[in-house]
Amino acid sequence: MILEEIMKRHSGRVFADRPVSGEMLNSILEAGRWAPSCSNTQAWNFVVMRDKKALAEVHEALSRGNAYAKAAPVMIIVAAKEDGGCPMHELPYFAMDVGLAVQNMLLQAVHLGLMGHPTAGWDEAMLKEITGIPKEYRIITVVFFGYEGDITLLDEEARAKASRPRTRRPLSEIVHWNKW
Ligand SMILES: Cc1cc2nc3c(=O)[nH]c(=O)nc-3n(C[C@H](O)[C@H](O)[C@H](O)COP(=O)(O)O)c2cc1C
């Protein structure tokens, strides 16, 4: 069943004009909190916005391509310190920690009948300034949550884009059994 929900998750671009309950939002945050992390460093921090005034301010920092996300009733900025406290292999494990937390949140959203859309298209300096995120933190992603809207209401071009089948590289291309 979990695989079904994993495959059902998608980054749609139409959010319905429908609020997300506090209970649902808390369960999404809780799902993020319980992600694994390097030496349990838990690099993630979440700045959650859902009141209209706060959202209107941060919407100014979104790229033009992400204007669709202004319709989402919930926006979560995910920030982490670049070192994250886990220096193994000189790899940026803080980013992996954050990715795992975000995927947990996206899947919990699917489980609740919601949609989450992670993004990288925004002005980091502007978002940090507006929300007061300390300078030693980086914004890794901004995730929008809400109920999915009706894609049939989109214009023809946007509807065609939204209905395109989602694709992935086949297992035969990415899995190496025993040796590369
Ligand atoms: C780190 C990251 C950054 C992304 N940035 C954007 C973005 O700025 N705008 C956007 O519309 N989608 C963004 N996406 C969504 C991807 O385009 C999407 O996950 C990918 O095309 C696969 O589609 P799916 O999520 O529906 O399976 C981002 C996803 C990730 C993980």
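Okay, hi everyone. Before anything else, one definition: when I say helix or strand, I mean a DSSP run, with at least four residues of H or I for a helix and at least two of E for a strand, numbered from the N terminus. Also keep in mind that what we're looking at is a predicted model.

Let's start with the whole chain. How many helices and strands are there? The chain has 7 helices and 4 strands. If you walk along the sequence, you pass them in the order α-α-β-α-β-α-β-α-β-α-α.

Now the overall dimensions. As for the inside, 29% of the 180 residues count as buried. And here's a number about how the chain folds back on itself: take the contacts with a separation of 6 or more, and 80% of them join residues 24 or more positions apart.

Next, a pair of helices. In general, you describe two packed helices by the angle between their axes and the distance between those axes. Our pair is helix 2, residues 22-33, and helix 4, residues 93-111. Their axes come within 7 Å and cross at roughly 145 degrees. The crossing of helix 2 past helix 4 is right-handed. Which residues meet there? From helix 2 we have Ser27, Ile28, Ala31 and Gly32, and from helix 4 it's Ala101, Val102, Asn104, Met105, Gln108 and Ala109. Sort the residues of that contact by type and you get 6 nonpolar, 4 polar and no charged.

Let's zoom in on one of them, Ala109, over in helix 4. Is Ala109 buried or exposed? Well, Ala109 has 26 other C-beta atoms within 10 Å, and the cut-off for buried is 20 or more, so Ala109 is buried. Skipping residues up to four places away in sequence, Ala109 touches Ile28, Leu114, Met115, Gly116 and Phe145. Ile28, you'll remember, is one of the helix 2 residues in that crossing. And look at Tyr147: from Ala109 to Tyr147 is 38 residues in sequence, but 9.2 Å in space, C-alpha to C-alpha.

Staying with helix 2 for a second, Arg33 belongs to that helix as well. Arg33 has 13 C-beta neighbours inside 10 Å, so this residue counts as partly exposed. Arg33 and Asn45 are 12 residues apart along the chain, with 9.2 Å between their C-alpha atoms.

On to the loop between helix 2 and strand 1, where we find Ala43. Ala43 is buried because 27 other C-beta atoms sit within 10 Å.

Most residues other than glycine have a negative phi. Gln42, though, has a positive phi of about 50 degrees, and it is not a glycine. Glu90 has a positive phi as well, near 50 degrees. You'll find Glu90 in the loop between strand 2, residues 74-81, and helix 4. What sets the two apart is burial: Gln42 is buried, with 20 other C-beta atoms within 10 Å, whereas Glu90 counts as exposed, with 6 C-beta neighbours inside 10 Å.

One more loop residue: Arg50, between strand 1 at 45-49 and helix 3 at 52-59. Arg50 is partly exposed, with 17 other C-beta atoms within 10 Å. Beyond its neighbours within four places, Arg50 is in contact with Pro73 and Val74. Met75 is 25 residues from Arg50 along the chain, yet 6.6 Å separates their C-alpha atoms.

Last stop, the ligand. Around the ligand we have His10, Ser11, Asn66, Pro118, Thr119, Ala120, Gly121, Thr141 and Arg166. How does that shell divide by type? There are 2 nonpolar residues, 6 polar and 1 charged.

That's my tour. Thanks!

Methods. Residues are numbered from 1 along each chain as its sequence is written. This is a predicted model: local features need pLDDT of at least 70, side-chain atom pairs count only at pLDDT 80 or more; totals for chains, interfaces and linings use all residues. Axes are lines fitted to C-alpha atoms, for helices over the stretch in contact, and angles run from 0 to 180 degrees between N-to-C directions. A crossing is left-handed if the near helix is turned anticlockwise from the far one by less than a right angle, and right-handed if clockwise. Two residues are in contact if their C-beta atoms, placed from the backbone, lie within 7 Å. Ala, Val, Leu, Ile, Met, Phe, Trp, Tyr, Cys and Pro count as nonpolar, Asp, Glu, Lys and Arg as charged, and the others, Gly among them, as polar. A residue is near a molecule or strand if its C-beta atom, placed from the backbone, lies within 6 Å of it. A residue is buried if 20 or more other C-beta atoms lie within 10 Å of its own, exposed if 12 or fewer, and partly exposed in between; C-beta atoms are placed from the backbone.
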